[in-house]
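Hello,

Here is the structure for you to look through. My notes on what turned up follow below.

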Amino acid sequence: MASRASRLAILALLGLGSIAPARACGDGEAPVSCDDPSPNGFASWMLGRVDRALKADRTRALQDFTDGTRGFRTADTYVFCIDADGVMTAHPNPILKGHDVRDLHDRTGHHFIRTMLDTARPGQISVIRYLFPKPGSTVEEPKTTYYTRAGDQTCAVGVYDADAAAPTVATPEGRVALLRQKLDGQIPSSARADWTAFLEALNAQGDEKATAIAEARRELRAAASALDQAGLGAARGE
């Protein structure tokens, strides 16, 4: 009975404290508003993180972009990457990931993937507009995407026009976003580097916390499995 109770307690812990996707835009972690393509803006900040992640561990980075972990996903904003052959190497939609997407186009006939592959340059953020459905939807919506060349990948972050024009202020994340925008407008340029560094430190702290929690949950699962096996062994008289 005690063994069963222990197993149930561990399984209950596994179900608690689920980790919400780390948010990069709209919660105070990104240095400025999502639709700001300036050198100190959201696009530069996020794509800089993408480039560093790819250099550190390409395989893990592409998986993180796909899964939306480590701060690479918001509700409707995500990172996606395409290799030189036009294959989508990272995307939350499994229908697209792993497939040649060079012929992908919106209902206006705009082959935006081809344009991105042809014009992406290392160290340069380019901007493109097209129509594309939000995750889980089939309705095409206007979207602005910022992209760059990172190693052998063309990687991008898009913002839907509706999200940029009408941020959700009824949530804590929305209220923090408004506060961040207000502070961004008041911080002098001489303090901009320190402000950005501070926000980056907060994001890194969040990443470390998420990693620690994920590791703890893995250990709990291993312990639960070991207890289950021990219980089965006891039942068999081993």
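Buried residues make up 38% of the 238 residues in the protein chain. Buried means under 20% relative accessible area, exposed over 50%, and partly exposed in between, with a 1.4 Å probe and protein chains only.

A word on the source. This is a predicted model: local features need pLDDT of at least 70, side-chain atom pairs count only at pLDDT 80 or more, and totals for chains, interfaces and linings use all residues. Residues are numbered from 1 along each chain as its sequence is written, and side-chain values use heavy atoms, leaving out hydrogens and water.

Now the fold. The protein chain has 7 helices and 5 strands. These are DSSP runs numbered from the N terminus: helices are H or I with at least four residues, strands are E with at least two. From the N terminus, the order is α-α-α-β-β-α-β-β-β-α-α-α.

Next, the disulfide (a pair of cysteine sulfur atoms within 2.5 Å). A search of the whole structure finds 1. Cys81 and Cys155 form it, with sulfur atoms 2.1 Å apart. Cys81 lies in strand S1 (residues 79-83) and Cys155 in strand S5, so the pair ties together parts 74 residues apart in sequence. Both cysteines, Cys81 and Cys155, are buried. Their link is right-handed, with 110 degrees about the S-S bond.

Strand S5 (residues 153-160) also holds Val157. Is Val157 buried or exposed? Val157 counts as buried because its relative accessibility is 1%. Its contacts (heavy atoms within 4.5 Å) include Phe42, Met46 and Tyr78, not counting residues up to four places away in sequence.

Best wishes
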